[in-house]
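Have the viewer ready and follow along.

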Amino acid sequence: MMEPLTIALSKGRILAETTGILRRAGLDVPEDLDESRKLILPGRDRRLRFVLAKPVDVPTYVEYGAADLGIVGKDVLLEAGRDLYELLDLGIGRCRLCLCGLPDLVWRTHRVASKYPRIAADYFRAQGKQVEVVYLNGSVELAPLVGLADAIVDLVETGRTLRENGLVIHREIAAISTRMVANRMSFRLKGEAIDRVCEALRGVVNGGDRR
Ligand code: PRP
């Protein structure tokens, strides 16, 4: 019997939509996956196995081969900078990674706050601008309001958080959505099984079957 194909899913915000797509693609997703506290959930016929990880850890599981495939946001992939194959855009979790701040952005402290310090540093390096990047874990919009930073690099989805805090977008840095990635070795050794998953998902994602 062949080893199962292990797929790392991101817990949280995108999980329900992800499992929706996997199920519509006809993949053998355990019924209790969304509610369970289990972290490893085998499919019925044992050809697939799902593991649930924090989004930020999904690239790590995939790069080390602990998972063959991973489903995670492009923001996390850009920040992680891991050596993975990006196979598919699932078209969910769409948002934008932006440089934001008060409408009259003034570079007083030359500091930028972000949950994405690597992306932020790369962005300013490419602009030839010297700024200090301060890592924050969340509610990043607070930083420019209290003088911790002049600006932030953060995700904007509806724009509501910015609006309600008097902030605006100054630059768009990247378009973000949920992607499927593969471990490089798995891609060679389990190519057929990975292709099957990819094709099934592609049918749903491109076919517009979004029931
Ligand atoms: C994300 C993001 C923004 C907000 C954007 O934060 O970091 O703060 O959502 O969404 P909006 O444009 O629809 O308002 P999240 O809710 O994940 O929490 P966090 O601030 O703790 O990261």
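The report below goes from the ligand and its contacts to the pocket around it.

## The ligand and its shell

Please keep in mind that this is a predicted model. The ligand is surrounded by 13 residues, and the closest are Arg13, Lys115, Glu141, Thr158 and Thr161. Sorted by class, this shell holds six charged, five polar and two nonpolar residues.

In Glu141, a polar side-chain atom lies 2.6 Å from an oxygen atom of the ligand. The side chain of Asp154 has an N or O atom 2.9 Å from a ligand oxygen atom. Gly159 takes part through its backbone, where a polar atom is 2.7 Å from an oxygen atom of the ligand.

On its own, the ligand has 490 Å² of accessible area, and the protein covers 72% of this. Two elements each give two or more residues to the shell around the ligand: strand S9 (151-156) and helix H6 (160-164). S9 gives the most, with three residues.

## The pocket

Where does the ligand sit? The space it takes is the largest pocket. This pocket holds about 1200 Å³ of space. It is lined by 38 residues, of which Arg13, Asp75, Lys115, Tyr116 and Leu155 are the closest to its centre.

Helix H3 (74-80), S9 and H6 each bring at least two residues to the lining of the largest pocket. H3 gives the most to this lining, with four residues. By class, the lining of the largest pocket has 14 nonpolar, twelve polar and twelve charged residues.

Key. Residues are numbered from 1 along each chain as its sequence is written. This is a predicted model: local features need pLDDT of at least 70, side-chain atom pairs count only at pLDDT 80 or more; totals for chains, interfaces and linings use all residues. Side-chain values use heavy atoms; hydrogens and water are left out. A residue is near a molecule or strand if one of its heavy atoms lies within 4 Å of it. A polar contact is a pair of N or O atoms within 3.5 Å; within protein, one must be able to donate a hydrogen and the other to accept it, and residues adjacent in sequence count only if both atoms are side-chain atoms. Accessible areas come from the Shrake-Rupley method with a 1.4 Å probe; for residues, only the protein chains shown count as cover. On a 1 Å grid over the protein atoms alone, a cavity is a set of points where a 1.4 Å probe fits but cannot get out, and a pocket is an open set with protein on both sides within 12 Å along at least five of seven lines; lining residues have an atom within 4 Å of a point. A molecule sits in a cavity or pocket if more than half of its atoms lie within 2 Å of its grid points. Ala, Val, Leu, Ile, Met, Phe, Trp, Tyr, Cys and Pro count as nonpolar, Asp, Glu, Lys and Arg as charged, and the others, Gly among them, as polar. Grid points are joined across faces, edges and corners, and a volume is the space filled by probe spheres set on the points.
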